[in-house]
Amino acid sequence: MVAFSHTDTGTSESEWAASGVAALPELPLSAEELTDMGFVVLAAHPDDETLGAGGFLATLHAAGAAVKVLLCTAGEASHPDSQTTTPEQLAAVRLAEFGTAVSGLANRAEWQFLELPDGQLAAHTEAIKGAVRNAVASFERPAETVTIVAPYRNDGHTDHDTLGSAAAEVATQGGHGLLEYPIWYWLWARPEDSTWNDWVRVPLSRNAQESKSQAMRAHTSQTEPLSERPGDETLLSDTFLEHFTRPWETFAWHPSTAGTNSAADAERIFDEVHTREDDPWGYTSSWYERRKRALTLAALPEESYESGLEIGCSIGTLSEELAGRCQRFLGVDASSAALAQASERLSRFPAAEVRHLTMPGQWPQGTFDLVVLSETGYYFSPDELSTLLARIQESARPGATLILCHWRHPISGWQLDAEAVHARARHQLGWPTHGLYREKDFMLEVLLAPEGAP
């Protein structure tokens, strides 16, 4: 547990601005995806919802998303030495402020006060988890379409940490997405702390920023002194509040892992998809696919390769570009329906071929100096992906290139997402990252095997 006081000067916003936090990748959820989801937003005290997620609440409201807000305490312990205001009086004030703030951020959102004691949430974790589960269940939606928004579990405030940990447990057990918002972290942490490097950013529209600003002004008991008497001083200083005037908000994002599909399901699923449509993802027509393909090819460090392998080549649109840069090329896929098109596309390359293989159980002989895993890694279970990476490592030539490219949005029915696939590859292989490009829709990464690799 970190130690800090709200009176500490802490890390200034200018230091955070110079840290690169503004360049964090965006949360990979479009407005349409937000609209189709339900959100349970948790606050330990009145004002947490505004400081950490007020702009996001306004964004959800604008998108038409279903939102429920659970407030755990009335924040009656914020001024323990006040000589003018009792905890009961302060609770009434802060509940009114909370109602005003939430109404301004998302006036269609339902909210519930759990009536738990300020500063003592650790003694009520079961009640909290029960309330969160009830709120999730009330949406009557599939688990992967409900996301819990909660304080960062290591924020440094005992109530925030308790609530964040309870939310994480419910999310993991229920297969829900989780967004953790930091508050006091921005005060006590330093930019050198690497934790925030894996977080995501939600840009706020001008309207969302204005709604958040108005909501913050509603929490007068925290942003202004209760009186001129000792014990009634302002709790949230202007320098601290600067962290919450950014045109974006920051979250630790944990997507749902409710999927149960594995490689064993791939042939059936993708044969059905390719039987219905020749080009179900618009590989040949969509600007997204053409632009991503061009970036993938441009990211290859070498102009040509001796032996290339593409895992999950689908209908072969990327394959025919790769085959032109490889002396020998092999494209594999679990879908025989997709491979029929890939084979036709590669027919003009004598040294290129396709094979019907369901990886990682089936693996081709030979070694490769180029392996491409594009839009495929999340179609394996975590154990299957580990096995696949081990096979890649075994068959990679010294200095080989592994290129990873994946859609960052949720993949319904499967456990992994793009970030999880890339992180697992980095960790398991231990190969240095030669290049990384990440935008809201996809991420592209090049790993290079050590020159001394077998």
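**Strand β11 and its neighbours**

I began with strand pairing in this predicted model. Strand β8 (residues 305-311) is joined to β11 by 4 bridges, and the two run parallel. Within this pairing I located I311, which stands opposite L373 in β11.

I then looked up the pairing of β11 with strand β12 (residues 396-407). This pair also runs parallel, with 6 bridges. Here L370 has T401 in β12 as its bridge partner.

Together with helix α15 (residues 382-395), the two strands form a β-α-β unit, and its hand is right-handed.

I searched for cavities of 30 Å³ or more and recorded a count of 1. For the largest cavity I noted a volume of about 90 Å³.

Which elements supply at least two residues each to its lining? I identified α3 (48-63) and β7 (248-254). The largest share, 3 residues, comes from β7.

I listed lining residues of the largest cavity, among them L51, G52, Y181, P182 and W186. The lining also includes K212, H243, F244 and R246, as well as W248, E249 and T250.

Sorted by class, the lining of this cavity holds 6 nonpolar residues, with 3 polar and 3 charged ones.

Key:
Residues are numbered from 1 along each chain as its sequence is written. This is a predicted model: local features need pLDDT of at least 70, side-chain atom pairs count only at pLDDT 80 or more; totals for chains, interfaces and linings use all residues. Side-chain values use heavy atoms; hydrogens and water are left out. On a 1 Å grid over the protein atoms alone, a cavity is a set of points where a 1.4 Å probe fits but cannot get out, and a pocket is an open set with protein on both sides within 12 Å along at least five of seven lines; lining residues have an atom within 4 Å of a point. Grid points are joined across faces, edges and corners, and a volume is the space filled by probe spheres set on the points. Ala, Val, Leu, Ile, Met, Phe, Trp, Tyr, Cys and Pro count as nonpolar, Asp, Glu, Lys and Arg as charged, and the others, Gly among them, as polar. Two strands pair if DSSP finds at least two bridges between them. A crossover is right-handed if, with the strands pointing away from the viewer, the path from the first strand over the helix to the second runs clockwise.
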